Amino acid sequence: MHPLLGIGRRITTFSGRFVSLADLHPQDVRLVDIVQGLSTQVRYVGQAHTPITIAEHSLLVAEMMRRDGHPKEAQRCAALHDASEAYLGDFPSPAKDACPEIRVLEKRIEAPICEALGLPDLWDPVWLQVKRYDVAALHLEIPAAWPEELRPSWIDLDVPPESSRSLAPLGLP
């Protein structure tokens with residue numbers, strides 16, 4: 001069989017691997033591909049006035065956890081919590097709500113990523129902590145990404161989550 005046959009069912013990664021999103025295996029996962037993917041894709045489907053990459057967001061979440069004294073493993077999970085988006089892209093929550101299969105595919109991709117990178121499985125409580133910081137990061141990103149008069153109405157910035165603190169040294173309010 002010709003090596004290019006069937007490639008339409010796979011994606012080509014930065015490192016040159018052909019991987020199947022329907023059947024991703026831990027041996028398919030490369031950190032360099034994740035770093036490349038997250039560092040070149042922006043959040044909020046590119047609609048923010050000041051673009052924020054998925055990598056910047058992930059490192060913000062990790063830094064918030066570091067500053068609050070969480071262990072290195074939790075910080076590492078935070079830095080890689082959106083790793084599946086390196087392969088799938090950043091689907092906004094309204095798209096995930098409209099098409100629940102996206103979340104199913106994300107979970108299918110996350111499990112081999114966790115195994116390949118030595119991260120805890122998806123049922124580990126650390127992921128709930130990371131999710132809280134992920135949501136708290138919105139309270140720092142939204143003011144940095146949109147002028148006040150154009151900020152999305154779906155987030156109440158007057159009621160910041162407990163774990164949201166100023167990260168001015170990182171260039172955010």
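Visitor: Why are H2 and H7 called roughly perpendicular to each other?

Guide: The axes of helix H2 (residues 54-67) and H7 cross at roughly 110° and come within 9 Å. Angles of 65 to 115 degrees count as roughly perpendicular, under 35 as roughly parallel, over 145 as roughly antiparallel, and the rest as oblique. H2 and H7 are therefore roughly perpendicular. Axes here are lines fitted to C-alpha atoms, for helices over the stretch in contact, with angles from 0 to 180 degrees between N-to-C directions. This is a predicted model, where local features need pLDDT of at least 70, side-chain atom pairs count only at pLDDT 80 or more, and totals for chains, interfaces and linings use all residues. Residues are numbered from 1 along each chain as its sequence is written, and side-chain values use heavy atoms, with hydrogens and water left out.

Visitor: What is the hand of the crossing of H2 and H7?

Guide: Right-handed. A crossing is right-handed if the near helix is turned clockwise from the far one by less than a right angle, and left-handed if anticlockwise.

Visitor: Which residues of H2 and H7 make the contact?

Guide: Contact means heavy atoms within 4.5 Å. H2 brings His 57, Leu 60, Val 61, Met 64 and Met 65. H7 brings residues including Gln 129, Tyr 133, Asp 134 and Glu 141. By class, the contact of H2 with H7 has 9 nonpolar, 2 polar and 2 charged residues. Ala, Val, Leu, Ile, Met, Phe, Trp, Tyr, Cys and Pro count as nonpolar, Asp, Glu, Lys and Arg as charged, and the others, Gly among them, as polar.

Visitor: What makes H3 oblique to H7?

Guide: The axes of helix H3 (residues 72-79) and helix H7 (residues 126-145) cross at roughly 60° and come within 10 Å. That angle makes H3 oblique to H7. H3 passes H7 in a right-handed crossing. Ala 74, Cys 77 and Ala 78 in H3 meet Val 126, Trp 127 and Val 130 in H7. The contact of H3 with H7 has 6 nonpolar, no polar and no charged residues.

Visitor: Why does Ala 74 count as buried?

Guide: Buried means under 20% relative accessible area, exposed over 50%, partly exposed in between (1.4 Å probe, protein chains only). Ala 74 has 2% relative accessibility, so Ala 74 counts as buried. Ala 74 touches Met 65, Val 126 and Val 130, leaving out residues up to four places away in sequence. Ala 74 and Val 130 are 56 residues apart in sequence, yet 7.3 Å apart in space, C-alpha to C-alpha.

Visitor: How do you know that Ser 58 is buried?

Guide: Ser 58 sits in helix H2. Its relative accessibility is 1%, so Ser 58 counts as buried. Ser 58 touches Ala 78, Ala 79, His 81 and Asp 82, again without residues up to four places away in sequence.

Visitor: Where is Pro 120, and why is Pro 120 called buried?

Guide: Pro 120 is in the loop between helix H6 (101-117) and H7. Its relative accessible area is 10%, so Pro 120 is buried. Among the residues Pro 120 touches are Glu 73, Cys 77 and Trp 127.

Visitor: What secondary structure does the protein have?

Guide: The protein has 7 helices and 2 strands. Helices (H or I, at least four residues) and strands (E, at least two) are DSSP runs, numbered from the N terminus. Buried residues make up 43% of the 173 residues.
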